Amino acid sequence: MSTRYSIIGGGIVGASIAYHLSKRTNEDIVLFERQSPASETTYKSVAQYGFYGDETQYRMKKYGMRLYNEFFDDPRANPRYHYAGLLVAATEQADAEQLEAVVETEGEESIGKIGKGFDRDLLEYLPGDEIEDTLLLPPVETDAIEGALYRPKVGYMSRPQELAYEFLERAKENGATIRQGTPVKEITTKNGRVTGVVTEDGEAIESEEVICAAGPWNIELAESVGVEIPVKHTIAPVLQLRPQKPIEYDIPIVSHYGSPYSFHRRSEEELLIGYNPGYEAATRFDPNTMSETVPEEIRDEGIQLLSELIPGWLDADVVEQWVGVRSQTPDGNPIVGWTELEGFSIAAFHTSGIQLAPAVGKMITSQLLDNEPTSYYDALSIKRFDGYDDHHPE
């Protein structure tokens, strides 16, 4: 068997690449997914969508927002997008002062830009004693909050797996082949370029281009062909709680400034506790052997913080838990596109896969079909890191 393009990974990123390629070329495209599509990292995502990050991420998210609006106007699946808003809450006075300074200095990359106009976003600082004058937050213990940032244009997908299907169904309509339950065990090379892939059952598929969008498996797969990528891992544990009675009102996503925890209502019967420790805590994990049990100390800390910030939800029982493996890069942006090995491209993320996947699919398609680096290249290319290179000629 042979194909022009082989995509490894059927999560939201691989799905986007398959869709964007299939939209522009009639050549053969095969996507290989080790289990069912979007059943691992994408499925385990809390799936926020909002405008924060650096200038490149703003532009990427704008493209994604426009594409998702197009999809939802003519849906193939049901990802269920919910408006929520985001409240970044500081419980220490020094942290509150830092948040206030962000607004006074018109933003920083980790928080986002402030104000109105091109590539800017609405963001308001709320002193703790004014929150109840500004927002309806009946279950939130505002007395525990010294200050907060409120960002209105943030929401989440309550069915992130379905969002990947929005791409995959369109890719199949365009002629792409989706092979689920087909792990890739080897990428083959000859004379310094990719020649194809070999599946776990030994099937060899010739391919001129291999695109690795395998989430936490990217590191191992890239290393197997001699490509080092500056990516590490953190765990991404989530606790799903069910309250004793339905939550009949919406509140913003609440992110605790000063710790890795966040809380949000996913439905009337579900709320989530998320955990993101950042690049400083990054190391390397084997995604094949990760336990699905949230570590006890993270579970206890998360529930303790919930009791302080949202005591109205404390009667909820933990009904499900899972642990994903989150990829992290040193500067917070994905690594996308060509590598030093000809014919081998990578899409390695620093979280935000739901938000940035559309632009990543567009960028890789432009590189492979047009030999065009795109305007994202300087911020996303592996070449931005010292000691790394790609095969694209200057």
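H392 is buried, with a relative accessible area of 13%, where buried means under 20% relative accessible area, exposed over 50% and partly exposed in between, for a 1.4 Å probe and protein chains only. This is a predicted model, in which local features need pLDDT of at least 70, side-chain atom pairs count only at pLDDT 80 or more, and totals for chains, interfaces and linings use all residues. Residues are numbered from 1 along each chain as its sequence is written, and side-chain values use heavy atoms, with hydrogens and water left out.

H392 lies in the segment after α9 (377-380), and, leaving aside residues up to four places away in sequence, H392 touches W338, N371, P373 and Y377, contact being heavy atoms within 4.5 Å.

Helices (H or I, at least four residues) and strands (E, at least two) are DSSP runs, numbered from the N terminus. Five of the five residues of strand β2 (residues 29-33) are buried, so β2 is largely enclosed by the rest of the structure. In a regular strand the side chains alternate between the two faces of the sheet. In β2 both faces are covered, with I29, L31 and E33 buried on one side and V30 and F32 buried on the other.

| Strand paired with β2 | Sense | Bridges |
|---|---|---|
| β1 (residues 2-8) | parallel | four bridges |
| β11 (residues 177-180) | parallel | four bridges |

The bridge partner of S6 in β2 is V30. From β1 the chain crosses through helix α1 (residues 12-24) to β2, and this β-α-β crossover is right-handed, a term used if, with the strands pointing away from the viewer, the path from the first strand over the helix to the second runs clockwise. In β11, the bridge partner of F32 is R179.

Definitions and conventions: Two strands pair if DSSP finds at least two bridges between them.
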